[in-house]
Amino acid sequence: MLFRSRVRTVVPIAKTDITVANMQILNNGGETQLHSHTGMDGFWMVLKGRVRFYGPEQNTLTKECGPMEGVFIPRNVPYWFETVGTEQAYLLQIESVDNRVPNKFIAHGPRVPGSGPAPREYLAGEGPDAATN
């Protein structure tokens, strides 16, 4: 199992000026802050484990997803997610960015301790410290 020492790890896969693709590895948690993005539409697909998505209200279950199931979350729609049970979950995240508006993370309600940006783990030769040609 990868990255068992963290609640959530993000592994960047691809990025352009309008698209971001990440693999999120979740251990007994997720992104538990109800939040929205002002300039980003998101598609989430569970590849392993089970994940519950909530929103637009704090305790409103949108969908519980298992492998090869997912949800689409449009910009400005509040959501949060968590793993189900103790199995590690792999969550494919694909985001489309609207460059015509500022993309802001908007927290709804009180700040949840431990939520927010997760540590990034880059593939060999990638990331901010990789040599550029």
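Trainee: Which ground rules apply before we start?
Mentor: Residues are numbered from 1 along each chain as its sequence is written, and side-chain values use heavy atoms, leaving out hydrogens and water. In this predicted model, local features need pLDDT of at least 70 and side-chain atom pairs count only at pLDDT 80 or more, while totals for chains, interfaces and linings use all residues.

Trainee: How many helices and strands does the chain have?
Mentor: Helices (H or I, at least four residues) and strands (E, at least two) are DSSP runs, numbered from the N terminus. From that end, the elements read β-β-β-β-β-β-β-β-β-β. The count is 0 helices and 10 strands.

Trainee: In what order do the strands of the open sheet lie?
Mentor: Two strands pair if DSSP finds at least two bridges between them. For instance, β5 (residues 51–54) and β8 (residues 79–83) pair in the antiparallel sense over 4 bridges. The open sheet has 5 strands with antiparallel pairing, in the order β6-β5-β8-β3-β10.

Trainee: And which strands are at the edges of that sheet?
Mentor: Look for strands that pair on one side only. These edge strands are β6 (61–65) and β10 (105–107).

Trainee: How many residues make up the largest nonpolar core?
Mentor: A nonpolar core is a set of buried Ala, Val, Leu, Ile, Met, Phe, Trp, Tyr and Cys residues joined through side-chain atoms within 4.5 Å. Buried means under 20% relative accessible area, exposed over 50%, and partly exposed in between (1.4 Å probe, protein chains only). Members of the core include W44, F53, I73 and Y79. In all, the largest nonpolar core has 12 residues.

Trainee: Is D41 buried or partly exposed?
Mentor: Its relative accessible area is 16%. That makes D41 buried.

Trainee: Which residue meets R52 in a salt bridge?
Mentor: R52 is partly exposed, with a relative accessible area of 27%. Its side chain forms a salt bridge of 2.9 Å, N to O, and the partner is E64.

Methods:
Salt bridge = Lys/Arg side-chain N within 4 Å of Asp/Glu carboxyl O.
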